[in-house]
Each structure stands twice: as structure tokens, then as C-alpha cells.
Amino acid sequence: MKNRRTSDGGTSSRLQALCAFLGLIVTLAAIVVLARSAFAHQSPPDLSVRTEAPRPVASGWAVEVRVLNKGDMTAAAVEIEGESEGERAQASLDYVPGRGEKRATLVFSSSAKPQARVRVMGWSDP
Amino acid sequence: MQAAVHGAKSELSYLGDLGRAFGGALLFSLPLLMTMEMWALGVSAPPLRRLAFVLGALPVLYGLAHYAGFSARRGLMNNTLDTLVALAVGYVTSAALLALFNVLDYASLTSATGQISLQAAPAALGALVARRQLSGDGKQGDEDEASYPGELFLMLAGALYFAMNLAPTEEMRLIAYLTTPLGALALLVVSIFLLHVIVFEAGFAGQEEKETPLRAFLHFTLPGYALCLAASLAMLWTFAAVDGHGAGAVTANVVVLAFPAALGAAAARLLV
């Protein structure tokens, strides 16, 4: 222990300097990213949906839905509803992060390819 | 020639320190890395509080680098380097494991950064205390000569670590809702009692000869418990756990969380 302290004391390890530099860069980058989102004007969640082409599944048709959040704040407990020829399908998402997107799938049991109208029913603050 | 050999030796010994740091980071951050509330909080916690958490962690990590640190050297420069390396280890460990578990939210840069940053702080803390925990030679470090504020700081660090581990979980809130006011009061008394017994029995170096139980209670237990309450409140605030709660509900939450925090504060002396 005493030896280590004296033998290490003078020369600083190059590896240590390298790792410390990496730590500095990574930490500063994280702080910058978090600070930007903390101090920028935070617009409320603004959700929109895009549906993809239905694909046949065992129980009918699956319609994949992309939910986009154009706002800065995260929306939680997002409810999505789709309607096709009188049939309704629902899905919920735990979170849609600000400026991000999440996917959900709605399932319709009709034998014909559904023409789904999809909307976001609502969400809550996280 | 001799200098080159010496340099290689020094690099090799540092590689060992670094390995222990990664081990400590894993050991201390795994419970949180595998807690689903933490993944969500990285995205859903208010941005300003996520930032405050990351910034607030820096002085705590620096303090731990001073009292524990994973390399044997000390001093302002080396403590800073140790802190930064611990942060690098913390970020790498948490990013790698969260990516491996496939729980990172790549939807936006901020969400993934928030998730990794929340986990990097406890991982960095683990990296810093690793030398104590994993190296076997337990008599390294400066905390044996730690001053009174130093002792309190170590208690605060222990309290923060334990509070951080439990504050994100839903169970803390549930216990606070379910417990009666009398139950919360009893928990408070038990917390203080255990903190005192462990601190006094474990003994603060150079203190126990002079200290009577009453003096130790006034000098360490009471301020220590106050730090536990502060640490609990800070963690509950960070994770937005008591937003919109009344004073009574906030107090119940703080007292419930201060119970593990008190054990952490007491154990900090044994662990670090």
C-alpha cells in the first residue's frame, strides 16, 4: 500500500487520463442534452398517428400504427382507437416521449382488408 | 528504459483499478438497472429534475472519490480524475446494460440520455467505493482520518444511495399510503434507534472512546437522521413521486423512505 502510493504518486497513468477525459466528455454531453431539454420552452404533447398497410394475421388484420409526438413533453397512458366498418379496436402506450415516436398494433377481425380510421383518444401527464 | 518499465507497471496496476471500478459499478447499479420504474423515469421525470440529479451527483461523487476512491492516490487533481473516470465507468456500464436489456428508449436523444444518466450516478458511486469492497485490503483510503463533516458526508452518501434505490419503486408510495400516522411515527423511532445502534456499535474511529451514547446521539444520530430525511425528500422530488401530495402524505413518504436511508447511512461507515 505504502509502496503503491509512492510508486504511483509521481507519474499519473496515461490510461487514467484517457478514461477521465472520456468521463468528462460523456458527462458534459449528457448535461448539455438534459439542460437543453430542461431550459428550452417545453411545448405540450402533440400526438398524431400514421397507419401502415394492414397485414393479415391469424385473427384477422393487424394494422400497425405509428404515434408521433411533435411536442417536447412526454405523453403517458396514450389511448389509441381505430374504427373500420363499425368495428373498433384499441391499444394503449405507456409513453410517447417528446419529439419521439412509438408503435402500436390494432387488430380487426373482418375478413376484408380494413380501411381503418385511427385516432388518439387521449393521454395523461407522466 | 527503467522509466518505460515503471510506466507499463503503472498502467497495468491502473487497469486493475479500472476492472474493480467496473465490478463495483455493476454491483451497486444492478438493482436499479433492473428496476422498470427507473427506465420509465429516465423519460418521464421532469427534465429540470433529471438535470438537477446529474449535477447534484457530481459533488457527492467527488466527496466519495476523496474518502474512498478507486485508486490509491489523493489530492484535488487525482480526486477530480477519479470522479471523471468513475463517471465514464458509470455511463459505459449503464448504457451497455440498458442496451443489452433492450430497454433504452431511442425515440429521442433526450429520453435515452435521461435513462442512462439516472443509472450512471449510482454506477459511478459503485465504481468509487469498489476498491474498498473488492480489493480485499480494507485499510486504504482516508476516511479513517475523516473529520466530523466527513463522517456526516459519508452518512449522507449512504442515505442517498439507499434512498435512490428504493424511491423509484411503487411500493414506497403504497407503504406510505397504507401506513397509519402512528405506524409512520413508530417507523421514525425505529429508524433513529437503528441508526444510533449501528453507528455507535460500529464506532466512528477515534470517537467512541470519548463519546458517551448521549453525545454520539446528539453528534451523529440526530444530524444523521436529518440528512436521511433530506436525502429521501431529494430523491422523492427528483422522481416526482410526491408532486401534488399534501403535507401529511409528503411526510409519510419521506419517513418511509428515510427508514432504508437510515440503514444506508449507518452502513456507509461499514461499507466505505
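Reply: Let us begin with handedness: the helices α2(A) and α4(B) make a left-handed crossing, a crossing being left-handed if the near helix is turned anticlockwise from the far one by less than a right angle, and right-handed if clockwise. Please keep in mind that this is a predicted model, in which local features need pLDDT of at least 70, side-chain atom pairs count only at pLDDT 80 or more, and totals for chains, interfaces and linings use all residues. Residues are numbered from 1 along each chain as its sequence is written, while chains are lettered from A and ligands numbered from 1 in the order in which they are written.

Me: At what angle do α2(A) and α4(B) pack, and how far apart are their axes?

Reply: Two packed helices are described by the angle between their axes and the distance between the axes. Here helix α2 (residues 14-39) of chain A packs against α4(B) at an angle of about 65°, and the axes are 7 Å apart; axes are lines fitted to C-alpha atoms, for helices over the stretch in contact, and angles run from 0 to 180 degrees between N-to-C directions. That makes α2(A) roughly perpendicular to α4(B), since angles under 35 degrees count as roughly parallel, over 145 as roughly antiparallel, 65 to 115 as roughly perpendicular and the rest as oblique. The helices themselves are DSSP runs (H or I, at least four residues), numbered from the N terminus.

Me: Which residues make the contact of α2(A) with α4(B)?

Reply: Two residues are in contact if their C-beta atoms, placed from the backbone, lie within 7 Å. On α2(A) the residues include Gln16(A), Cys19(A), Gly23(A) and Thr27(A), and on α4(B) they include Leu81(B), Leu84(B), Ala88(B) and Tyr91(B). By class, this contact has 11 nonpolar, 3 polar and no charged residues, where Ala, Val, Leu, Ile, Met, Phe, Trp, Tyr, Cys and Pro count as nonpolar, Asp, Glu, Lys and Arg as charged, and the others, Gly among them, as polar.

Me: How many residues does each chain give to the contact between the chains?

Reply: Chain B gives 35 residues and chain A gives 35 residues. On the side of chain B, the elements that give two or more residues are α1 (2-33), α2 (36-44), α3 (47-67), α4 (76-101) and α5 (109-134), and the largest share, 7 residues, comes from α1(B). That side of chain B divides into 19 nonpolar, 11 polar and 5 charged residues.

Me: How do α3(B) and helix α6 of chain B cross?

Reply: The axes of α3(B) and helix α6 (residues 148-166) of chain B come within 10 Å and cross at roughly 125°, and the two helices are therefore oblique to each other. Their crossing is left-handed. Val60(B), Gly63(B), Leu64(B) and Tyr67(B) in α3(B) meet residues of α6(B), among them Phe153(B) and Leu160(B), and the contact divides into 7 nonpolar, 2 polar and no charged residues.

Me: Is the crossing of α9(B) and α10(B) left-handed or right-handed?

Reply: The crossing of α9(B) and α10(B) is right-handed. The axes of helix α9 (residues 213-238) and helix α10 (residues 247-271) of chain B come within 8 Å and cross at roughly 120°, so these helices are oblique to each other.
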